[in-house]
Amino acid sequence: MTDSFFRPVSGLDLPRFAGVPSFMRLPHVPLDHPRLAEVQIGLIGAPWDGGTTNRPGPRHGPRQLRDASTMIRAVNGATRVAPFDLARCADLGDVAPNPGDLMDSLARIEAFYDRVVAAGIRPLTAGGDHLCTLPILRALAKARPVGLIQFDSHSDLNDVYFGTARYTHGTPFRRAVEEGLIDPSRYCLIGLRGTAFGHEDLDFAAATGIRIIPVAELHARGAAEVMAEARAIAGSGPTYVTYDIDFVDPAFAPGTGTPEVGGPTSWTALEVARGLRGLDIIGADLVEVSPPFDPAGNTAWLGVNLMFEMLCVLAERIASA
């Protein structure tokens, strides 16, 4: 990449604690920017947690993630991928939600991503709670259903909360399957664990052909073998990746609303992200970072490293096209 406009500011030119923070110190290119059409990967904040059913706070996630992301450098130390050399990346700013209206916020998020898709940009999103993924999928999957790889300690395949609530952070993928946004035969969920309200969500998964790999199976088989299966399930078609930070054990990522013990280490969290290489990823997100539960920012620091791993995979895909 020879265009210096799309290169992040180096920590050797401006100290990391200085300047206005953008994702990974990339240029801020809002949707009305004259160079929007040149962007290939857009990093986006979705500061909204209107689907949260217990402990709120992920609405503050994108801001903390941006600040932590100033520590990201230009080259992946493990894979040697230099994503900013492979693709034109920019921070597209935040979606503007309506904190007083859940349905309006869903519509606003979808409309924002409609414009991103129309510009030919692959989005990498920082949430927000997990309901944010539903309107993103509505924008990305308008032409056809997509495959999905989900890293999560919960299924988020529930039907209704409190008797009437069909749109919460525990229901987005039930709605996405029902709306034809996801091909269930190309859907793999990794990391399920913890206590449950019942088994209705698992029954739905079994009936529709969704592959669930519980955390015990991930621990027993290892990241490499599990990710080989996940890639086989997603296949060669367009695939979306959604990464809930509560996939990781709370010893490493306490800053989330619904932590579950017994999860993967931060190392395994990085391994599974690297295991996405080779897939046709049309977009990805990292959700449920809740700064009030981790003021020190360690959860956000892990989160932006996971975003960087997914950015590397996206950039490699673009460069190989």
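Biologist: Which residues have the most contacts inside the largest nonpolar core, and how many residues does that core have?

Modeller: In soluble globular proteins, nonpolar side chains tend to be buried together. In this structure, which is a predicted model, the largest nonpolar core has 55 residues, and those with the most contacts inside it are Phe151, Ile190, Tyr243 and Leu276. Helix α10, residues 298-320, gives the most to this core, with 13 residues. A second, separate core of 42 residues includes Leu36, Cys132, Leu134 and Ala141.

Biologist: What does Leu276 touch, if residues up to four places away in sequence are not counted?

Modeller: With those residues left out, Leu276 touches Ile149, Phe151, Met227, Val241, Ile281, Met310 and Val313. Phe151 is also among the residues with the most contacts inside the largest nonpolar core.

Biologist: How should I read the overall build, and how many helices and strands does the protein have?

Modeller: The protein has 10 helices and eight strands. Its radius of gyration is 18 Å, close to the 20 Å that the globule rule gives for 321 residues, so the protein is as compact as a globular protein of that length. Taken along the principal axes, the C-alpha atoms fill a box of roughly 55 × 45 × 40 Å. Of the 321 residues, 57% count as buried, and the accessible surface comes to about 12,400 Å², of which 56% belongs to carbon and sulfur atoms. Among contacts between residues at least 6 apart in sequence, 77% join residues at least 24 apart.

Biologist: How many residues of strand β5 are buried, and with which strand does β5 pair?

Modeller: Nine of the 11 residues of strand β5, residues 182-192, are buried, so this strand is largely enclosed by the rest of the structure. The pairing is with β4, in the parallel sense and over five bridges; within β5, Leu189 is the bridge partner of Gln150.

Biologist: Turning to the helices, which residues of α1 are buried, and what covers them?

Modeller: An α-helix has 3.6 residues a turn, so residues three or four places apart point the same way. Helix α1, residues 61-69, is mostly covered, with seven of its nine residues buried, namely Gly61, Pro62, Gln64, Leu65, Arg66, Ala68 and Ser69. The cover over these buried residues includes β1 (41-46), β2 (89-94), β3, β8 and α10. Helix α4 is also mostly covered, since eight of its eight residues are buried: Thr133, Leu134, Pro135, Ile136, Leu137, Arg138, Ala139 and Leu140.

Biologist: Are Asp156 and Phe162 buried or exposed, and where do they lie?

Modeller: Asp156 lies in the loop between β4 (146-151) and α5 (172-178), and Phe162 lies in the loop between β4 and α5 as well. Asp156 is buried, with a relative accessible area of 5%, whereas Phe162 is exposed, with a relative accessible area of 71%.

Biologist: What does Pro172 touch, and where is its place?

Modeller: Pro172 has its place in helix α5 and is buried, with a relative accessible area of 1%. Not counting residues up to four places away in sequence, Pro172 touches His130, Leu131, Leu134 and Asp156. Pro172 and His33, by C-alpha atoms, are 31 Å apart in space and 139 residues apart in sequence.

Biologist: Finally, is Asp280 buried or exposed, and which residues is it in contact with?

Modeller: Asp280, found in strand β8 (residues 280-287), is buried, because its relative accessible area is 16% and the cut-off for buried is under 20%. Its side chain and that of Arg122 are joined by a polar contact of 3.4 Å. Leaving aside neighbours within four places in sequence, Asp280 is in contact with Arg122, Ser236, Gly237, Pro238, Thr239 and Arg317.

Definitions and conventions
Residues are numbered from 1 along each chain as its sequence is written. This is a predicted model: local features need pLDDT of at least 70, side-chain atom pairs count only at pLDDT 80 or more; totals for chains, interfaces and linings use all residues. Side-chain values use heavy atoms; hydrogens and water are left out. Helices (H or I, at least four residues) and strands (E, at least two) are DSSP runs, numbered from the N terminus. Buried means under 20% relative accessible area, exposed over 50%, partly exposed in between (1.4 Å probe, protein chains only). A polar contact is a pair of N or O atoms within 3.5 Å; within protein, one must be able to donate a hydrogen and the other to accept it, and residues adjacent in sequence count only if both atoms are side-chain atoms. Contact means heavy atoms within 4.5 Å. A nonpolar core is a set of buried Ala, Val, Leu, Ile, Met, Phe, Trp, Tyr and Cys residues joined through side-chain atoms within 4.5 Å. The radius of gyration is taken over C-alpha atoms; the globule rule is 2.2 Å times the number of residues to the power 0.38. Accessible areas come from the Shrake-Rupley method with a 1.4 Å probe; for residues, only the protein chains shown count as cover. Two strands pair if DSSP finds at least two bridges between them.
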